[in-house]
Amino acid sequence: MLSTGLSMKALTPRRILSPDVCWIEWFGMAESLLVLLLLLLPNLGLMSDSQGTYSLPELPHLVKKALDEFLTSRYLHALVDAFLFASTQQPWNPTDALVYLLRRNASLGIDRVKDILTGYQRSLIQDPQLLITDMASLSIVQFTTLLRLFFSGRTEQTVLMDVDFEIMRASLERSPGGNRSLFAVAREKCLSLLREGHCVDLMGALLSLSNGEFVQEDFVTDIPTNLSDDIFRNLTAVFKDLYDIFSVTAQRAIYKWIALGLQKTSKSTSNPTTWMTAENLWFLGRYMVHLPVHHILRISLSEMRIFIHYDNATKQLDCVYDMKPDTGKTFLHRINASGFDMANVSIAYRLGLLVCFYDNLLLLDVNDARVLLHQLIKCNQLRGSLTEIQRLKSQLLSIVIRNQTLNELLGSVSDTVVGLTASQLESLSASAVRGSMSVLQQMSGWTRSQTTILVNKYMGSSKVLTFRNISELGSLISGVDANLLYSVSAEELAQAMEATLLLHMTQLSPTQQHIIISQMLGSKDVEMVARKLPCELFTQVPLATLLRVPSLGSISVEDKQLTCSQASFLYSFLSRTTPTAALISMGQLMKGITCHDIQRMSDTFLVQNFHDFEKNFHLLSPFQMTCLAWRYLEVPDSPISLIPPILLSVLPVHYLSRMPESCCKDFQGALGRLDLSLVSPCAVKREAIVKKVLHCLSEGIRDEYAVDVLGTLLCHLPPAALRDHLFLAALPAALWYLRGCAHLTANQRAAIRGKLVQLYGHPVEWSTELLQDLGPLVTLMSREDLLILGRKYPEEVLHLAVQSEKTHLPEDFLLAVFELVVGPRDTPSSSFESDCIFVRAPSADDIRKLSEANVYWSVNELRCISPETFTETVELLGSVKGFDLLQIRALKSLAEQAWGPVSTWKNYHVVSLGSIAVSLTEEDIKQMDLSSIDTLTVLSQQSKWTMKQMSSLLYRFLECTNLTLGELRGSDLTGLSQFLCGVQPTQAHLINPEAYSTTAARIGSLPCPLPVLRQLKSTAEKVFGPVRTWNRSVLQEVGVVAAGMSTEEMKGLSLDLMPYLQPQAIAAIPPEGFSQLSKEQLQSLGPGNALAVTSSQAAQLSDEQLQGLQAAREGLREGLSSQVHPTVFSSLQTGTVSAGIRLHLNSGWWIWALCTSLPGNWQN
């Protein structure tokens, strides 16, 4: 979206062309129509001429026009003309204007005029469509004047009222389709008049609306080509400034438009390629990457020679981040042919990013290769696959170290050092590492094992870390032994937090972060430390620490990320001295609001401050949303049609069914801005919401405006709706939203595939630009289609595998990628081949290209990976999520071949394993050196450990460190994480309460066995007091540990506390204990907690308890019998639930099935 803070400077082209109005500080002038109207006094009479007849005075044209427009209720026209007249600084007589107005309508008074204009502005803000409609009727001069006011984002102060253009614009942006409508009006008015210079200075702001989404190929082709030279150059400058926000297809269209304009100014018409002069190549800017290869080959060598010697050409070539290899190599060869001395690498910098495609390595000596390596650092900025770049760097490195060792050259091999294997780094001397630290600390892309090796060599035997060390380590800071951070003073850590630590905080492990925070909070001025903590690190401040801070008033929480427990405590604390309006405007603090807080708010406050709630809905739990909805329902004279429609989605389903159709647009628009899964965690209720949405879409999704209204709701539409109700005209806009859908079902993916073919034709006809624009949607295509695309555009398809490695990719896509890299073959045999000669072993290049598709290597193929290849790619293999246990065991055996027996492995070996580590046996673990908490921290991030493995890892750590459970510090508990669940239940109470207090929230998220949770609950009581004294913030902090409460303690929880039990804690309560909760307690759980109830827990509940649980899921309050929908009682009586499933009530399963049953046929 366009920033409302856009300055007029940003809207002004490099050269102003034939302005319609001389704009001389006109925004600050108050001589508008409103000033004229202020002079309307009832006791003034009309002027007469000498014959005694009344005549209208002569007025400046714009003044008369503005007054006539006001009198005919065209208020926007009048307002704009008033601002236009004010900008002219033309002298005029207000009395004449007054006489004219009174002569036309003597009934107007000052109050009436003020009411009309104030009411009109309010209407524009409340109904953005009215603003768009009135804007469409403006003349081009009026329209451009209003846009300048609009994009200024200012409030123009006049005598009668303030005209707030910022609020108008914000209202339009919030309105679904608002920006699109504004763009459409501007397109209709401006494109045909660009020749006359209209709108040129506004194009930057207009094209930026919605991040360039509206700039499609058809828009670009509609732009006139017969523009004056000045207008053409100014418009091109706008296109170049906004290059990155456009789709690749739009970029290509813009390139063609610019090229056509340059051809028309070319002196020769006989040769269509003569326009490609050195000056025009420079003029194209980054659009030069869209030059076809055959056009590049036709550029005259003399023009290419001139171009490459331009100083500005180097700057331009440094920015062609999306240059494709074929295009880059063609440019490079043409430059070489022009006489540029490619062998002279000292001037290779002139090539910019073209140097990344350098392929003339045969004639390079050691010095040349070193210089070229330094130039290749910039190649990391290239978009797309970097496999070829990595290969080029490796080839150059082999030249550089031909006659010298890595120790001698470490500081001069550029970022190629990041590609060195662990064994290569281990061979470096400590002095070489220290001497090259100024270079090494600037490199990015280090793995954890690499930083560990380099930092160990840098630190040597030193056990003290200083601020200077931290600064010198730079990007290597994540490799520091966590316990060394204890040697740094709080003051030095605070100083480092403003530089190195802040810059690389995301690379630090949880253990390192914990020590840094705890050390800083150990200073005398805790409040000062809390204020200075980066917003994302504030979540690690323990609740126990906040409880001890004497004065929290000075800590600004507006810019802090907060946990639920922190927010609950801080909201309660700050509410004593801070107005409610201020509290709910503090963003994250909204997480701490309670039902009681909401209930105390006045009706007027709720209505006036709904926007503050709305913008923070994503922070509220389903329970808080439900409380808010019920409170709005209590506002007097508030029928369903007046409740904010978004809140109807969290009330019981029958309230949603009663929503009038007039609320449909607001309902869909509000939901479209949120994640529906967060609004309603229950699948049945989400189904009801989507059904209501489909009911509102009775005419289908006909155009892009309907798409804007739906927003992210598109991700939740059933396949039938996507197939049958998504019209062709709406498809391009819909695909823009569907690209971001993270959890599409197989049927939804199939429906989208069909729509892609409907819109763009068979994949064989698709262009490379289309593939880049579709992005992740390409992965939804069938295996056959992907193979067609991959063979035609291999780089684009393979890049998606690497680019999307953190998201779930469809199996068809991964299979297609595997076949593109490895080639077609039959299903690999699972039989064991003893001789790897007959097995196609994966290469390092294969492994890098495949990413998650590496899961399709057979066990035999993985077993045959060479030790060198394994060492080179172990971290990448360890990041593959889909390997099965047999594959992981094969990789572990490779590790033993490469590194020797497990007992000899260093900590950097272990941390590089990733998911391969879960194949370690208990016997392996007993042989390992696990004396470093950093090693355990990395291992604990894997999720497939068995309880026996976790126990072995925990006790091996204690054995290697000679520590007892009671001696573990908070940082140790943080690093051990889930391995703490492997503690012997009878020993869990030995954990130090002080250490526990600093990690209570983290421990509260661990899936530990119930006996361990019961012991940890006792430890929590030593920190927070007896369970009977716990409040909501403590319950949220201890998390799943609350499941360790005794049955009596559970039964003693007040109704107000039930919603603050965490869902993990609910699921961990034993069924026999859960069945002791009262109906009222169950009803008070809230929707999210009620959904966490397991089938075994529900099976132990009575009918009455099940009603309470269903009430919680439905979002009901008190008075079950009057609020539960009749269909619920029908289900209770017959044992029948949704989707036709029939169950016996006394089994207790019906309540679980209601929210977890498979979708009905309506989704097919």
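**Labels and the values behind them**

Colleague: What torsion about the S-S bond makes the link of C356 and C379 left-handed?

Modeller: The value about that bond is -105°, and with it the link of C356 and C379 is left-handed. The pair also connects distant parts of the chain, 23 residues apart: C356 sits in the loop between α19 (325–337) and α20 (366–375), and C379 in the loop between α20 and α21 (387–400). Helices here are DSSP runs (H or I, at least four residues), numbered from the N terminus.

Colleague: Before we go on, what should I keep in mind about the model?

Modeller: This is a predicted model, in which local features need pLDDT of at least 70 and side-chain atom pairs count only at pLDDT 80 or more, while totals for chains, interfaces and linings use all residues. Residues are numbered from 1 along each chain as its sequence is written, and side-chain values use heavy atoms, with hydrogens and water left out.

Colleague: Fine. Why is the pair C356 and C379 called a disulfide at all?

Modeller: A disulfide is a pair of cysteine sulfur atoms within 2.5 Å. For C356 and C379 the S to S distance is 2.0 Å, so the pair meets the rule. By this rule the count comes to 7 disulfides.

Colleague: And why are C356 and C379 called buried?

Modeller: Buried means under 20% relative accessible area, exposed over 50%, and partly exposed in between (1.4 Å probe, protein chains only). C356 has 4% and C379 has 0%, so both count as buried.

Colleague: Are C595 and C627 buried or partly exposed?

Modeller: One of each. C595 has 25% relative accessibility, so it counts as partly exposed, whereas C627, at 8%, counts as buried. Among other cysteines, C535 is partly exposed at 28%, and C960 is partly exposed at 22%.

Colleague: What about C190 and C199: how far apart are their sulfur atoms?

Modeller: The S to S distance is 2.1 Å, and a disulfide joins C190 to C199. The link is left-handed, with -65° about the S-S bond. Both C190 and C199 are buried.

Colleague: On to helix packing. Why are α17 and α19 called roughly perpendicular?

Modeller: Angles of 65 to 115 degrees count as roughly perpendicular. The axes, which are lines fitted to C-alpha atoms over the stretch in contact, with angles from 0 to 180 degrees between N-to-C directions, cross at roughly 100° for α17 (residues 301–308) and α19 and come within 8 Å. The two helices are therefore roughly perpendicular. L301, M304 and I308 of α17 make the contact (heavy atoms within 4.5 Å) with F331, R334, I335 and A337 of α19.

Colleague: Why are α8 and α9 roughly perpendicular too?

Modeller: The axes of helix α8 (residues 140–152) and helix α9 (residues 165–174) cross at roughly 90° and come within 7 Å, so α8 is roughly perpendicular to α9. L146, L149, F150 and F151 in α8 meet F165, M168, R169 and L172 in α9.

Colleague: What makes S73 and S977 stand out in their backbone?

Modeller: Each has a positive phi in a residue other than glycine: near 70° for S73 and near 45° for S977. S73 lies in the loop between α3 (61–71) and α4 (75–88), and S977 in the loop between α60 (970–976) and α61 (993–1003).

Colleague: Why do S73 and S977 get their accessibility labels?

Modeller: S73 has 46% relative accessibility, so it counts as partly exposed. S977 has 13%, so it counts as buried.

Notes: Angles under 35 degrees count as roughly parallel, over 145 as roughly antiparallel, 65 to 115 as roughly perpendicular and the rest as oblique.
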